[in-house]
Amino acid sequence: MSQVPVWVPIVVAGLGFVGVVTAQFIAGWREDRRWRRESEREELRWRRERERDWEVRNFDGRAEAYSEVIGSIEAFDWVLFRARRVVESGVDLDEHLRADLRAVSEQARNSLGAVNLHSPERVRVMLREAMMPRSRLSIRLLDGERRDDMRELWDTGQRQYRLMRIEMRRDLGLDAEEEPDRLRAEIRARSS
(Lines give C-alpha, C1' and ligand atoms only; values in the text may rest on other atoms or scores of the structure.)
Protein backbone atom coordinates (compact mmCIF):
# COMPACT_ATOMS: atom_id res chain seq x y z
CA MET A 1 0.00 0.00 0.00
CA SER A 2 1.13 3.36 -0.77
CA GLN A 3 0.92 6.09 1.69
CA VAL A 4 -0.58 9.51 1.00
CA PRO A 5 1.55 12.33 2.21
CA VAL A 6 0.16 14.10 5.30
CA TRP A 7 -0.07 17.45 3.62
CA VAL A 8 -2.58 16.24 0.97
CA PRO A 9 -5.46 15.60 3.41
CA ILE A 10 -4.60 18.83 5.21
CA VAL A 11 -4.73 20.80 1.90
CA VAL A 12 -7.98 19.03 0.88
CA ALA A 13 -9.51 19.79 4.30
CA GLY A 14 -8.36 23.43 4.06
CA LEU A 15 -9.84 23.77 0.55
CA GLY A 16 -13.07 22.19 1.77
CA PHE A 17 -13.18 24.58 4.73
CA VAL A 18 -12.48 27.60 2.49
CA GLY A 19 -15.18 26.38 0.06
CA VAL A 20 -17.75 26.05 2.84
CA VAL A 21 -16.88 29.47 4.29
CA THR A 22 -16.93 31.05 0.82
CA ALA A 23 -20.28 29.41 0.01
CA GLN A 24 -21.69 30.70 3.31
CA PHE A 25 -20.34 34.18 2.59
CA ILE A 26 -21.84 34.22 -0.93
CA ALA A 27 -25.17 32.86 0.34
CA GLY A 28 -25.26 35.55 3.07
CA TRP A 29 -24.39 38.25 0.58
CA ARG A 30 -27.16 37.09 -1.80
CA GLU A 31 -29.66 36.87 1.05
CA ASP A 32 -28.73 40.39 2.17
CA ARG A 33 -29.20 41.72 -1.37
CA ARG A 34 -32.52 39.91 -1.71
CA TRP A 35 -33.67 41.26 1.66
CA ARG A 36 -32.68 44.85 0.72
CA ARG A 37 -34.53 44.62 -2.61
CA GLU A 38 -37.56 43.22 -0.84
CA SER A 39 -37.40 46.00 1.76
CA GLU A 40 -37.13 48.65 -0.95
CA ARG A 41 -40.12 47.17 -2.81
CA GLU A 42 -42.10 47.03 0.41
CA GLU A 43 -41.19 50.63 1.27
CA LEU A 44 -42.16 51.75 -2.24
CA ARG A 45 -45.48 49.90 -1.94
CA TRP A 46 -46.19 51.53 1.43
CA ARG A 47 -45.22 54.96 0.09
CA ARG A 48 -47.58 54.55 -2.86
CA GLU A 49 -50.33 53.37 -0.56
CA ARG A 50 -49.82 56.37 1.77
CA GLU A 51 -49.86 58.72 -1.25
CA ARG A 52 -53.06 57.10 -2.50
CA ASP A 53 -54.63 57.42 0.95
CA TRP A 54 -53.56 61.06 1.12
CA GLU A 55 -55.00 61.75 -2.32
CA VAL A 56 -58.29 60.08 -1.37
CA ARG A 57 -58.48 62.02 1.92
CA ASN A 58 -57.58 65.25 0.12
CA PHE A 59 -60.21 64.63 -2.57
CA ASP A 60 -62.83 63.69 0.03
CA GLY A 61 -61.97 66.77 2.07
CA ARG A 62 -62.30 69.05 -0.94
CA ALA A 63 -65.54 67.40 -2.05
CA GLU A 64 -67.06 67.72 1.41
CA ALA A 65 -65.87 71.32 1.81
CA TYR A 66 -67.16 72.28 -1.63
CA SER A 67 -70.53 70.64 -0.94
CA GLU A 68 -70.85 72.42 2.38
CA VAL A 69 -69.98 75.85 1.03
CA ILE A 70 -72.23 75.46 -2.03
CA GLY A 71 -75.13 74.43 0.21
CA SER A 72 -74.47 77.41 2.48
CA ILE A 73 -74.26 79.86 -0.41
CA GLU A 74 -77.47 78.57 -1.95
CA ALA A 75 -79.28 78.82 1.40
CA PHE A 76 -77.84 82.33 1.75
CA ASP A 77 -79.11 83.19 -1.73
CA TRP A 78 -82.67 82.02 -0.97
CA VAL A 79 -82.95 84.31 2.02
CA LEU A 80 -80.95 87.14 0.44
CA PHE A 81 -83.19 87.12 -2.63
CA ARG A 82 -86.35 87.32 -0.50
CA ALA A 83 -84.88 90.11 1.64
CA ARG A 84 -83.74 92.09 -1.41
CA ARG A 85 -87.21 91.82 -2.97
CA VAL A 86 -88.85 93.04 0.23
CA VAL A 87 -86.53 96.05 0.53
CA GLU A 88 -86.86 96.87 -3.19
CA SER A 89 -90.63 96.94 -2.77
CA GLY A 90 -90.20 99.72 -0.19
CA VAL A 91 -90.97 97.69 2.94
CA ASP A 92 -88.60 97.18 5.87
CA LEU A 93 -87.46 93.67 6.75
CA ASP A 94 -89.46 92.02 9.50
CA GLU A 95 -87.62 90.52 12.47
CA HIS A 96 -88.09 86.95 11.23
CA LEU A 97 -86.46 87.70 7.87
CA ARG A 98 -83.66 89.61 9.64
CA ALA A 99 -83.01 86.59 11.88
CA ASP A 100 -82.99 84.26 8.84
CA LEU A 101 -80.58 86.56 7.02
CA ARG A 102 -78.23 86.68 10.00
CA ALA A 103 -78.40 82.89 10.41
CA VAL A 104 -77.61 82.05 6.78
CA SER A 105 -74.89 84.69 6.69
CA GLU A 106 -73.26 83.09 9.72
CA GLN A 107 -73.70 79.61 8.25
CA ALA A 108 -71.98 80.71 5.03
CA ARG A 109 -69.14 82.32 7.00
CA ASN A 110 -68.66 79.14 9.04
CA SER A 111 -68.49 76.97 5.93
CA LEU A 112 -65.51 78.85 4.48
CA GLY A 113 -62.81 77.29 6.67
CA ALA A 114 -62.75 73.84 5.10
CA VAL A 115 -62.62 75.26 1.58
CA ASN A 116 -59.80 77.60 2.54
CA LEU A 117 -57.94 74.62 3.99
CA HIS A 118 -58.43 72.07 1.20
CA SER A 119 -58.81 74.02 -2.03
CA PRO A 120 -56.22 75.40 -4.42
CA GLU A 121 -55.58 79.15 -4.48
CA ARG A 122 -57.68 79.80 -7.60
CA VAL A 123 -60.78 78.41 -5.85
CA ARG A 124 -60.05 80.39 -2.67
CA VAL A 125 -59.86 83.60 -4.72
CA MET A 126 -63.11 82.76 -6.51
CA LEU A 127 -64.78 81.97 -3.20
CA ARG A 128 -63.82 85.37 -1.84
CA GLU A 129 -65.13 87.02 -5.02
CA ALA A 130 -68.42 85.10 -4.71
CA MET A 131 -68.91 85.83 -1.00
CA MET A 132 -67.99 89.53 -0.77
CA PRO A 133 -70.94 90.86 -2.84
CA ARG A 134 -73.34 88.69 -0.80
CA SER A 135 -71.85 89.92 2.43
CA ARG A 136 -72.07 93.57 1.37
CA LEU A 137 -75.66 93.11 0.22
CA SER A 138 -76.60 91.36 3.45
CA ILE A 139 -75.08 94.15 5.57
CA ARG A 140 -76.94 96.79 3.56
CA LEU A 141 -80.22 94.95 3.87
CA LEU A 142 -79.79 94.45 7.62
CA ASP A 143 -78.86 98.12 8.07
CA GLY A 144 -81.98 99.15 6.16
CA GLU A 145 -80.01 100.90 3.41
CA ARG A 146 -81.81 101.30 0.12
CA ARG A 147 -79.08 101.83 -2.43
CA ASP A 148 -79.08 101.57 -6.19
CA ASP A 149 -76.27 99.00 -6.31
CA MET A 150 -78.20 96.17 -4.62
CA ARG A 151 -79.14 94.58 -7.93
CA GLU A 152 -75.53 94.94 -9.14
CA LEU A 153 -74.21 93.24 -5.97
CA TRP A 154 -76.72 90.42 -6.46
CA ASP A 155 -75.75 89.92 -10.12
CA THR A 156 -72.02 90.05 -9.35
CA GLY A 157 -72.43 87.50 -6.58
CA GLN A 158 -74.40 85.17 -8.86
CA ARG A 159 -71.87 85.43 -11.69
CA GLN A 160 -68.92 84.81 -9.36
CA TYR A 161 -70.75 81.88 -7.76
CA ARG A 162 -71.25 80.22 -11.14
CA LEU A 163 -67.59 80.70 -12.03
CA MET A 164 -66.53 79.28 -8.68
CA ARG A 165 -68.87 76.29 -8.99
CA ILE A 166 -67.51 75.50 -12.46
CA GLU A 167 -63.95 75.66 -11.13
CA MET A 168 -64.82 73.47 -8.13
CA ARG A 169 -66.29 70.83 -10.41
CA ARG A 170 -63.17 70.94 -12.56
CA ASP A 171 -60.96 70.65 -9.49
CA LEU A 172 -62.83 67.50 -8.45
CA GLY A 173 -62.64 66.07 -11.95
CA LEU A 174 -66.40 66.11 -12.38
CA ASP A 175 -68.16 66.91 -15.58
CA ALA A 176 -67.95 70.67 -15.72
CA GLU A 177 -71.23 72.37 -16.31
CA GLU A 178 -71.71 74.33 -19.47
CA GLU A 179 -70.15 77.73 -19.32
CA PRO A 180 -72.48 80.54 -20.32
CA ASP A 181 -71.17 82.52 -23.27
CA ARG A 182 -70.63 85.69 -21.27
CA LEU A 183 -68.54 83.80 -18.70
CA ARG A 184 -66.29 81.90 -21.11
CA ALA A 185 -63.88 84.77 -21.68
CA GLU A 186 -63.68 85.42 -17.94
CA ILE A 187 -62.91 81.78 -17.18
CA ARG A 188 -60.26 81.57 -19.91
CA ALA A 189 -58.64 84.76 -18.61
CA ARG A 190 -58.45 83.24 -15.11
CA SER A 191 -57.06 79.93 -16.37
CA SER A 192 -54.17 81.53 -18.24
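Good morning. The structure has one aromatic pair, where rings of Phe, Tyr and Trp (its six-membered ring) pair if their centres lie within 6.5 Å, planes under 30 degrees apart counting as stacked, over 60 as edge-to-face and the rest as tilted. The partners are F81 and W154: their ring centres are 5.6 Å apart and their planes stand at 45°, so the pair is tilted. F81 belongs to helix α1 (residues 7-88) and W154 to helix α5 (residues 150-172), so the contact ties together parts 73 residues apart in sequence. Helices here are DSSP runs (H or I, at least four residues), numbered from the N terminus.

This is a predicted model, in which local features need pLDDT of at least 70 and side-chain atom pairs count only at pLDDT 80 or more, while totals for chains, interfaces and linings use all residues. Residues are numbered from 1 along each chain as its sequence is written, and side-chain values use heavy atoms, with hydrogens and water left out.

Are the two partners buried or exposed? W154 is buried, at 12% relative accessible area, whereas F81 is partly exposed, at 33%. Buried means under 20%, exposed over 50% and partly exposed in between, with a 1.4 Å probe and protein chains only.

I turn to a second ring. The charged end of R45 sits over the ring of W46, 5.1 Å from its centre; the rule asks for NZ of Lys or CZ of Arg within 6 Å of the ring centre and within 35 degrees of the ring normal.

Thank you.

Key:
Helix = DSSP H or I, 4+ residues; strand = E, 2+ residues; numbered from the N terminus.
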